Amino acid sequence: MQAERATAGWPGDLRPVFERALTCEYASLTRAGAPVTVPATPYLGSAGTLDVSTGLSYPAKAERARRNPKVALLFADAIGSGAQDAPVVLVQGHAAVRDADLQANTDRYIRLSIAKLPAAVEGQPKAVLRRMVFYYARIWIEITPVRIHWWPDRSLSGEGQVWHADPGAELPESDPAPSGSQPPAWLAPPQHWQEIAGRALRTLPFADLTVVGGDGYPVCVPVTAGAMEGDEVALQIGAGAPGLPPGPACLTLHGHDEAFTGQENHTLVGTFAQGEGGPRLRVERALADWSITGNRLRKGVGFLSKGRTLRPRLKAEAARRGQAVPRVNIP
């Protein structure tokens, strides 16, 4: 892979990719060091960061990053971006969790998300949106790029490029961790995950594999996934991909419409290995997912039903941080 050493700022020609993408894959690490990768909407930060957010009432993505700031973002989904020929970009970076000012976080998320995803709120009365604090109350994860890989397309068939940040650059710390214990998971994983995985492998347009590199950073790359064979999924990986060591891994399957008014996401976790039959993921289980599918009515009902579960958690999570539950201020 051809290396390019830059002394300041990441490659400017990648900025449109980061600005236009409606989703990217966000990879963080569990306490045991296993990767968990889920789609997230990226935003440009004001201080040279790439930022994603998570709900205050479901803070697991942020708490993983606070414990271990080595994270990754994969930009390999151009749906809705208006740039179908955009390169595939893997950002490995240092995360800083921001939850010291929940009201400012929430105001920022509302402003940016409505501007980026206007169809998601189109036709919704402001009174209804104001009641959706269970969704809009936010924690931000600001990611300072440490290393960036990029390729012309998802095939990764050719040699890519790589940029490194200045190794002497100071990396920011997260806000102090909240008091008390992190809340338990709010969604149960699917019991019949094999059936769900089989259908998702057949129907969803994107499959992305994440492993953990030798330096401890997640490595997330697009792959072509085959059908489930027992508990294994055969994978095709482009020759230009970085080295993928065996070990804990996850395969994230997802898709969404052009306007991002619905989405379907599934994450399969297990062990990655290179064998005589080629690279494979031995799947152990599927994680719980937050998919919004079906017609407009079904999506709305599904979203509101999640709110009934999440609302009781808001006050407790704000209190753990010594703050009030944020207000939803719709512009």
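Reply: The second largest pocket holds about 360 Å³ of space. The model is a predicted one. The lining of this pocket is made up of 23 residues, and A47, G48, T144, P145 and L171 are the ones nearest its centre. By type, eleven of the lining residues are nonpolar, seven are polar and five are charged. Strand 8 is the main contributor, giving four residues to the lining.

The core as a whole has 48 residues, and Y26, L73, F75 and V89 have the most contacts inside it.

Beyond its neighbours within four places in sequence, Y26 is in contact with residues including V36, V38, V52, L73, I141 and I143. Its contacts also include K61 and A65, two buried residues of helix 2.

Helix 2 covers residues 60–67, and because six of its eight residues are buried, it is largely enclosed by the rest of the structure. The buried ones are K61, A62, E63, R64, A65 and R66. Strand 8 is among the elements that cover them, as are strand 2 (24–29), strand 3 (35–40), strand 5 (50–55), strand 6 (70–75) and strand 7 (88–98).

The loop between strand 8 and strand 9 (161–164) contains L156. L156 has a phi near 50°, a positive value in a residue other than glycine. Most residues other than glycine have a negative phi. With a relative accessible area of 1%, L156 is buried. F260 makes a second case: its phi is near 60°, again positive in a residue other than glycine. F260 sits in the loop between strand 14 and strand 15 (263–275), and at 13% relative accessibility it counts as buried.

Strand 14 (residues 247–256) holds H254. H254 has a relative accessible area of 2%, so it is buried, the limit being under 20%. The side chain of H254 makes a polar contact, at 3.2 Å, with the side chain of E25. Leaving out residues up to four places away in sequence, H254 touches T23, E25, P39, D77, L204, P205, F206, D208, E264 and N265.

Definitions and conventions:
Residues are numbered from 1 along each chain as its sequence is written. This is a predicted model: local features need pLDDT of at least 70, side-chain atom pairs count only at pLDDT 80 or more; totals for chains, interfaces and linings use all residues. Side-chain values use heavy atoms; hydrogens and water are left out. A nonpolar core is a set of buried Ala, Val, Leu, Ile, Met, Phe, Trp, Tyr and Cys residues joined through side-chain atoms within 4.5 Å. Buried means under 20% relative accessible area, exposed over 50%, partly exposed in between (1.4 Å probe, protein chains only). Contact means heavy atoms within 4.5 Å. A polar contact is a pair of N or O atoms within 3.5 Å; within protein, one must be able to donate a hydrogen and the other to accept it, and residues adjacent in sequence count only if both atoms are side-chain atoms. On a 1 Å grid over the protein atoms alone, a cavity is a set of points where a 1.4 Å probe fits but cannot get out, and a pocket is an open set with protein on both sides within 12 Å along at least five of seven lines; lining residues have an atom within 4 Å of a point. Grid points are joined across faces, edges and corners, and a volume is the space filled by probe spheres set on the points. Ala, Val, Leu, Ile, Met, Phe, Trp, Tyr, Cys and Pro count as nonpolar, Asp, Glu, Lys and Arg as charged, and the others, Gly among them, as polar.
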